[in-house]
Amino acid sequence: MGSSVRWVTAASLSLCASACSLRGLSEEFDGTETPAVEDPSLVREAEAGQRSGAFFVVEDSEARGGAYVRTRPGTTCSSEDPNNKVRFEFEVDVTGDYQIRTGAIAPDELSDSFLVRVDDAPDEGYLYMLPNKTGVIFSDLVHHETGQEMKQLVVVPLKEGVHAVEFFCREPGAGLDWIALERR
Ligand SMILES: [Ca+2]
């Protein structure tokens, strides 16, 4: 990566107008540093989330906080199974539109997706395909796959208060290092 941008600073975030995409900058991030989100209280280590079912903690020195979570290869994933998920709670102080940044890891193309729900919606979950399938931890924003090669950024309006974000197992082996809510 050399001297390339590893993370966008809080200062540059404030300069970034709403039309400005941070996605390009995030590609360089390797998941090992604390993301400079506007509000650090809106960052959660995946290994500190409420795990259910097949999710377990993997210790990895490359991971933020030294660990990430994933499901066991061979797991049968189902969005209908409430036991295969990791759940996070956030106390949001400012009402607004939020996007979900992740540090994630996909070992291959058969282990590269999650279903994501925010406050139990949508029922079927956002179909989040991890773009990097090389087995390294990388940073990304949660998108919803709407069709072949088509996806849209997930942006959720959140009111001040407590909100839950859940990552459901969709393909066994996909891993999650951390997540952050970012106000747009
Ligand atoms: Ca972690």
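The model is a predicted one: local features need pLDDT of at least 70, side-chain atom pairs count only at pLDDT 80 or more, and totals for chains, interfaces and linings use all residues. Residue numbers start from 1 along each chain as its sequence is written.

The protein has two helices and 14 strands. These are DSSP runs numbered from the N terminus, helices being H or I of at least four residues and strands E of at least two. Taking contacts between residues at least 6 apart in sequence, 72% join residues at least 24 apart; a contact here means C-beta atoms, placed from the backbone, within 7 Å.

Now the core. The largest nonpolar core holds 35 residues, and Ala46, Tyr68, Phe114, Val116, Leu176 and Ile179 have the most contacts inside it. Such a core is a set of buried Ala, Val, Leu, Ile, Met, Phe, Trp, Tyr and Cys residues joined through C-beta atoms within 7 Å. Elements giving two or more residues to this core include β4 (67-71), β6 (96-105) and β14 (175-183). The largest share, five residues, comes from β14. Ile179 touches Arg44, Ala46, Phe88, Ile100, Arg101, Thr102 and Val165, leaving out residues up to four places away in sequence.

Next, the sheet. Five strands form an open sheet in the order β2-β5-β13-β7-β8, with antiparallel pairing; two strands pair if DSSP finds at least two bridges between them. Why is one side of β2 and of β8 left without a neighbour in the sheet? Both β2 (50-52) and β8 stand at the edges, each with a single partner strand, so one side of each has no neighbour there. From one strand to the next the twist averages 25 degrees. β2 and β5 run antiparallel and are joined by three bridges. Within β5, lysine 85 stands opposite serine 52.

Last, one residue elsewhere. Valine 155 is in strand β12, residues 155-158. Is valine 155 buried or partly exposed? Valine 155 has 13 other C-beta atoms within 10 Å, so it is partly exposed. Its contacts, apart from neighbours within four places in sequence, are Asp97, Gln99 and Arg184. Valine 155 and glutamate 182 are 27 residues apart in sequence, and their C-alpha atoms are 9.6 Å apart.

Terms used
Buried ≥ 20, exposed ≤ 12 C-beta atoms within 10 Å, placed from the backbone. Contact = placed C-beta atoms within 7 Å. Axes fitted to C-alpha atoms, helices over the stretch in contact; angles between N-to-C directions.
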